[in-house]
Amino acid sequence: MFGFILRRLVSGVVLLLVISVLAYTLLYVGGGNIARRILGQSATEETVAQKTAELGLDQPIIVQYFDWLSRALTGDLGTSWFTGQPVTEGISSRLAVTLSIVIGATIITAIVSVILGVWAAVHGGWVDKVVQGISILGFAIPGFLIALGLVTFFALNLKWFKPTGYVPFAVSPTEWLASVTLPIIALSIGCIAGVTQQVRGSVVDALHRDYVRTLRSRGLSHNRVVYKHVLRNAGGPALAILAVQFVGLLGGAIIVEQIFAIPGLGQVAVIATSQGDIPMVMGLVVATAAIVVIVNLLIDLLQGWLNPKVRLA
Amino acid sequence: MIDLTPATIPPKAARTSLIVRLLKTPIGLASIVFLTLLVLSAIFAPLLTPIDPNQASLQNILGPPSEGHPLGFDSAGRDVFSRLLYAGRFSLAGGLLALIIAAIIGVTGGLLAGYYRGWFDSVSSWFAGLLMALPAMVVLLAARAVLGPSMWLSMAIFGVILSPAFFRLVYASVTAVRDELYVDAARVSGLSDGSIIGRHILTVVRAPVIIQSAMILGIAIAIQAGLDFLGLGDMTIPTWGTMLNDGFVNIYKAPLLILWPSLVLALTCMALTLLASTMRDTLERSGTKPKKLKQRPTAGIDPDKVPAVTHDEDHRTAARTGEVLLDISDLSIGYAQPDGSTKTVVHDVSLTVRRGEVHGLIGESGSGKTQTAWSIMRLLPEGGHVTNGAIVFEGKGLAHATEKEMTKIRGRKIAYIPQEPMSNLDASFTIGSQMVEPMRVCLGLSKKAATERALELLSHVGIPNPKRTFAAYPHEVSGGMAQRVLIAGAISCEPDLLIADEPTTALDVTVQAEILELLRRLQDELNMGVILVTHNFGVVADLCDRVSVMRHGRIIETGPVRAIFNSARHPYTQSLLSAILEEGNARGELAPVPPQTTTQGVQS
């Protein structure tokens, strides 16, 4: 098991390094123009050259990258070109907000899709048809349209929730819950659709395995076999799709945060992107990749716990 | 992202006109009609509205619908209806660009990686993993930060990000067919790689790629709209996303403004997804149809629909056996079909098993012997049920017993040994826990007592290191070992009747002999009645007291084993017997090997 964890960890770190190299190269390859973009068209050649040197952009890209990497390893991701704020601070102050809605959506997705997927697979018949139909629709409609619909209906028409704004958990747990409920629902629906299909599929698959018959032939009831053996075996594929969906949730959060005016990474990302704040964008890319790597690692560990064969892989 | 990849689509199905069959389904028809209208309205936008979508006017800002302006005006005083039509051009074209790039990269990469394997395979698979590791939105934002707000560039990049969807699909299909015999044959006959890929492999991947394309197009259109909705797109061209952005900003002042682009976008994405899922369903259904036709029983006279040849009782056997345990009479088993009819797979089977007697059920695969065995435990696959006849076990009718009654009988009274040892153990649990669980339920033992009994049983069935096997997972033991574990599990509650479904078929020849010897010993010790399903007359000769020969779901000949071997009367039985005689030493005496000396140990 220890070897398994170590291998996963190494491959995650390698992935992170490759992403940082690619992102850095693509973001900084425009060298000279960057200073010009910051200073505007009216700046003289001299001040542009000065700014370029100040930002370290006159160095070869490889030197720049290793400079960035050595500082990144100490937790310093540079400073924003526009606000002068350290990138690490800009990201870490918003991280908790985004993670709270993304993790909330992941948990809701996991719970609801296991219930729906197992119900559809075990019950079959009309339940199966209805669940499948709904999940195709839930997947088809883009997540941000669902978010817009939720805002219009529950916040603007029914006034059950405040349409926008975020209350930190530390300030008021109940208001925090009220402020993240709609965003989490908006994010979850598309995800639930995808994961439900997968859970249903893998439960149907597991139900037809030979060992189900053999266990029942030993006098175990159908329910016992389903809830102990079938669920555990269907858990692996379901977790794999949940990992994929989590990546999608991080992307979806950017739009949903914008709609509900939630001060998370999404807002930072949109502002940094429209300004061309390269150090901030770079920091966001690396932070997102790191989150994905960590989540994948956790899911791999769960997989290993669920299925002993995985530990050998 | 969702994975609506079709599981397996037979290559032939793609050949018949898919469009025609799609148009016959209501959802397929509606999707195609909607998408066609959408594309036409985008292409012929100038004919449908004379107004320039970018023509702004200050006095019309957020103006209501009026003559010639059915949907009113947006925040810059531009005509909403005209923008909606022209936006279709850009939104659809952007989605198409992403789709085309994703398909070119993904399909080519998948074909090459799947066909040639080698380094290209590992490199491209790794890249596909890399592309899936970042949210597309983050990559698009990063690209926007450097490259500026160009829809075409964003969509081209998104195409690259989406390419793994095609890559994985094509890769999986190609690796599945590349080792097929017909591809091998083509290679041997001297066809070039190019024409093999073109003729044999592309036909296999075509249908799944078309389905995936519909999905991808929907995703691309949605993400493009999302990017524009964030206000990060090119604001100079009308798209559904920029219209959504405008509507959202003015949601308090003009709530209807956001409705139209939302509606068009939602309907488009729905139509594409529904089209994909309908295509998949249609192809899957057409793929299974011919098979079902073939399985349907042929009309006319069934040559086996005659009374079974029954041999006289053999007194030597009768003396050794006890009372009747199981009495099956006129048993028929049927499967419910999707069209409401029932397909009968076992007809009018009658047989008895006495205590201490081994009754062999022999026949080719598909003769109904396993179905008969499963029906005794009432563990037929989904849709299967007893349509006629009676199963009486120890004086109790099982054919229509409730599930609760059956649960009490299974394990305690009737036990089962399956054919394939590995797939009949749950790979996620240790061997020990799979033995302990039923004993606790059936015998009400404590965990400790059940563990002790499991270890005893493992040692009793000839496992050299019971503790190690108890703690092992199924994939850590050999097939012969696993079969011993299953036998130990089956006899753990000391059943009266044991149903063994080809218990040695999946094993090596040397292990087969040991397992048969073990079964004979246990049957003797526990004085069980046994139904032994097999296709091997050697096994019958070795173990059985009585034998019934099955063909096409019927018993055609039955009697004491000596009578069948000495004077088989049915031509089918005679041909089965002569077949094994030709094989040579199959009937030879199996040397009794003490299991302890030659068993394969636990693999570490």
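Which residue of S5(B) is the bridge partner of B:Ser332? The partner is B:Asn388.

S2(B) joins strand S5 (residues 384–393) of chain B through eight bridges. The two strands run antiparallel.

S2(B), residues 324–336, also pairs with strand S3 (residues 342–354) of chain B. That pairing is antiparallel and has nine bridges. B:Val324 stands opposite B:Arg354 of S3(B). Five residues lie between the strands in the hairpin of S2(B) and S3(B). There, B:Gly340 takes a positive phi near 95 degrees.

## The seven-stranded sheet

Chain B also has an open sheet of seven strands. The order is S1-S11-S10-S4-S9-S8-S7, and the pairing is mixed. Its edges are strand S1 (309–310) and strand S7 (414–417) of chain B, each pairing on one side only.

S1(B) pairs with strand S11 (residues 554–560) of chain B over two bridges, in the parallel sense. B:Val309 has B:Glu557 of S11(B) as its bridge partner.

Four bridges join S7(B) to strand S8 (residues 497–501) of chain B, and the two run parallel. B:Ile417 stands opposite B:Ala500 in S8(B). In a regular strand, side chains alternate between the two faces of the sheet. In S7(B), both faces are covered. B:Ile414 and B:Tyr416 are on one side, B:Ala415 and B:Ile417 are on the other, and all are buried.

## Positive phi in two loops

Most residues other than glycine have a negative phi. B:Glu502 is not a glycine, yet its phi is positive, about 45 degrees. B:Glu502 sits in the loop between S8 and helix H19 (509–526) of chain B. Is B:Glu502 buried or exposed? B:Glu502 is buried, because 22 other C-beta atoms lie within 10 Å and the cut-off is 20 or more.

B:His552 is another such residue, with a positive phi near 50 degrees. Its loop lies between strand S10 (546–551) and S11 of chain B. B:His552 has 19 other C-beta atoms within 10 Å, so it counts as partly exposed.

## Chain A

Chain A has 12 helices and zero strands. Its C-alpha atoms fill a box of roughly 85 × 55 × 35 Å along the principal axes. Of its 313 residues, 42% are buried. Among contacts in chain A between residues at least 6 apart in sequence, 71% join residues at least 24 apart. The domain assignment gives domain 1 (2–72) and domain 2 (99–263) of chain A. Their C-alpha centres lie 38 Å apart.

The mean pLDDT of chain A is 85, and 97% of the residues score at least 70. Within chain A, confidence is lowest in helix H2 (residues 31–39), with a mean of 68. Helix H9 (residues 210–217) of chain A has the highest value, 92. Where pLDDT is low, the predicted coordinates should not be read in detail.

## Where the chains meet

In the contact between the chains, 58 residues of chain B meet 60 residues of chain A. Several elements of chain B give two or more residues to this side, including helix H9 (193–229), helix H11 (259–295) and the strand S7. By class, this side of chain B has 39 nonpolar, 12 polar and seven charged residues.

## The largest nonpolar core

The largest nonpolar core has 247 residues. Among the members that touch the most others are A:Leu284, B:Phe158, B:Val170 and B:Ile499. H9(B) gives the largest share, 18 residues. Domain 1 (2–72) and domain 2 (99–263) of chain A both give residues to this core, so it lies between them.

What is B:Val170 in contact with, leaving aside its neighbours within four places in sequence? The contacts are B:Gly106, B:Val107, B:Gly110, B:Leu111, B:Gly114, B:Val205 and B:Val209.

How values were computed:
Residues are numbered from 1 along each chain as its sequence is written. Chains are lettered from A and ligands numbered from 1 in the order in which they are written. This is a predicted model: local features need pLDDT of at least 70, side-chain atom pairs count only at pLDDT 80 or more; totals for chains, interfaces and linings use all residues. Two strands pair if DSSP finds at least two bridges between them. Domain bounds come from an automatic or database domain assignment. pLDDT is the predictor's confidence in each residue, from 0 to 100. Two residues are in contact if their C-beta atoms, placed from the backbone, lie within 7 Å. Ala, Val, Leu, Ile, Met, Phe, Trp, Tyr, Cys and Pro count as nonpolar, Asp, Glu, Lys and Arg as charged, and the others, Gly among them, as polar. A residue is buried if 20 or more other C-beta atoms lie within 10 Å of its own, exposed if 12 or fewer, and partly exposed in between; C-beta atoms are placed from the backbone. A nonpolar core is a set of buried Ala, Val, Leu, Ile, Met, Phe, Trp, Tyr and Cys residues joined through C-beta atoms within 7 Å.
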